[in-house]
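Hi everyone, thanks for coming. Let me put the model up, and then we can walk through a few contacts together.

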Amino acid sequence: MPFAVAALVFMVYPVAEAVRLAFYHYNPLNPDGTSFAGLDNFRALAADPLFWQSFRQAAVWTVCSIVLQTAIGVALALLLHLPLRGIAVFRGLLLFPYIVPTVVIALILQWMLNADLGVVNWSLRGAGLIDESVYWLASPGLAMLSTIALNVWKYTPFVTICVLARLQTIPLELYDAAKVDGAGMFRRFVDITLPQLADVLAVVVIFRTIWTFNKFEEIYLLTRGGPGTSTFNLAIYSFEQSVASLKLGVGAATGVVMMGLLFVGSLVYVRVFRFDEESAQ
Amino acid sequence: MTKKTTEPRSRPITRRKFLSDLAAVSTGAVAGAVDLPAWAQQKSNKTGTVRVWGEPGPYGGVAVDAMNEWAKKFAPGIAFKLETLSWDSVYVKLMTDLAARNPAHCISVESPIAYQLMADLLLEPLDDVVEKVGRNRLVDGVKWEYWGAWKGKQYVLPAHHQPHLLVVRMDVINELGLGDPDKWDWNDLRNAARTVSEKKKDMAGISLALGRNLCTDYHFAALLHSAGGRMFDPANKYQVVFDSPETVETLEYVKSLQPYMPKGAVSYSFLEVVDSIVTGRAAISFYWGRPYGRAAEENKAVFASLQSFNHARHPKTGRRSNWNDFQGWCIPKPNNQYVAEVKAALAYYQTSPQWLVRYCHSLMPNVSPTYKDVLNDPTLATHPFFQTKKETIMNYYVHSLAHSSSTGNEMLKGVNPLAGVVHGRSILAQTVQKVAVDNWKAADAAKWGARELEQVRKENLRLLGGAV
């Protein structure tokens, strides 16, 4: 019962309200002027080039972040799975990026990436790799790269922990048998480790995709969607429409579109990985 | 040989010493000098915290100290508390709190945003307070409506006026023989910026904000108004007039200055521009009086050589428009149980020249006096900056007024409540970024900006009421 109430209040109601709002013209400063909009808010999205730009950038940001997080996360998990002395310390340290508040990381990163005063440029200059300052947050391409780097740094540990947990449950006999059959390290990874990790990777990728696609605070804190609108994603777009432009209906419509996209994406993903068939067996 | 002396009196008074002495003056002593009229002595039995919003800077604190002095005497159950909002978050914070029907009880906010609020009937009229403060006290060259009047009612009480001017490192300008900045036109300004960039290692010629923020709006608007361009025409039903040759010219001018700015300027806002001035990384900028206080603390060599002038003239129009924030105090209407108390406290502090001088002293010369008696008060000139920066101070305080303009009152041709929405959406800054970041043609960016402004106008006709 408490769960049902909590779910209604904190999950069902906000979603239902967002969907309802998507079909209304609503300016919070002029509530008397609220009127039914039909599909106007969705038409406004379709006609707005910034919406499509934000969509494309959200896709780039999400795909790059997820690919890098997965690749680095698996690599780190494999390293941390090695039976080395003191490895537990490194496993503990792994959690550090995950537990530090995003606002702290974003502010620190802003200083680190500061073109004139930041330690990143200072180090690169010291190593002789650059002659002139690199404008990490003031060049459109590099700003996107910087936001991806922040996301990857912060959430790779999540992938690593999930993969590491699964690695520790793979029966060692499988590897022993493969060794007897003459399989090398690469073959053992491809034929034993990866298939064993498939399920956990599928879950991790689905969750990380949903969370990353919806991410707001990292981009907003680091670049506010700039320079220009080069790091806008749909969450930032929705925020700008709702708060800066006071078009809460359009902001809500963006949220509904995001929800729909993620729902469809998740269905396709589950289908591809055949979870439904496995659970039926 | 110079005789050394250890006598404190013979040392120059520093800004820090001056301000700490000022703070040591008991508030009671300041108030003691005020002969209170009957209306200021009305008592209130209310209790609680009166929330006051102000922009970053010590002056908001001074005003709240004054209000608390009133509260101590006449409303001991309440306390005024300052909440400082950074410029780039003020619009979002204001709108979300207003939407939640929970705004602060008293607000000091930039004039275009105040205009939007008053036209949306979200503010209490303050004509009764104006009568108490004195209608004839304003300095020459300004009108009450500049702070915020709409349809015959005054909604905003002056806090200060605050223009951005041409801030120049005179040591650099003199070293390179670039002439008198007071005589520059746009071409001279660009030439000076280029020369500095070419001749001075690690120094940008000019530092302007090009980020997606209010500072960019304000920098660009001043140039646009100098060129004779505007966003809206209040005399013609607030029609959008932004898609004009003047806008195109201004955008092209900004683009032509960009090579002489720091490369990071495309993400610069207020703080970064001040940083570039105070740390000596730029020779020229557009800015309000704020860098002087910081430079005096952090970089005395820069402070010594800084000077502010009215902006470079447009070569054809001869205009030298600044962006002058006629910032004032307003009282939000929704759910405000302290309207009477805030009005009394505002009137109390606004009728005290001592408090008002102290307000100006707290960040010299960033906040200019708005009343004649304050401007002419001999104690105003006791601030140590008057010894070395008098010309600059008077440019901010007095000589800027002839060139005042803002987005909310373009070329002083009429208050425009749409400007608050324009700032909320960063339309001017986005237009600039289309050219500076995305390399659009200026004409295309002007068209884009005009479309956005037209959208703002269409969606907010209610703000204009009978004006259209």
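Let's start with what I call a contact: two residues are in contact if their C-beta atoms, placed from the backbone, lie within 7 Å. This is a predicted model, so local features need pLDDT of at least 70 and side-chain atom pairs count only at pLDDT 80 or more, while totals for chains, interfaces and linings use all residues. Residues are numbered from 1 along each chain as its sequence is written, and chains are lettered from A and ligands numbered from 1 in the order in which they are written.

Now, look at chain B. A63(B), A66(B), M67(B), W70(B), A71(B) and F74(B) of α3(B) meet A344(B), A345(B), Y348(B) and Y349(B) of α15(B). That contact has ten nonpolar residues, no polar and no charged. Here Ala, Val, Leu, Ile, Met, Phe, Trp, Tyr, Cys and Pro count as nonpolar, Asp, Glu, Lys and Arg as charged, and the others, Gly among them, as polar. Helices are DSSP runs of H or I with at least four residues, strands are E runs of at least two, and both are numbered from the N terminus.

On to the domains, with bounds from an automatic or database domain assignment. In chain B, domain 1 covers 15-162 + 325-389 and domain 2 covers 163-323 + 402-467. Between them, 26 residues of domain 1 touch 26 of domain 2. On the domain 1 side, α5(B) gives the most, with six residues.

Finally, which helix of chain B gives the most to the side that touches chain A? With 21 residues of chain B in contact with 18 of chain A, helix α4 (residues 87-99) of chain B leads with six residues.
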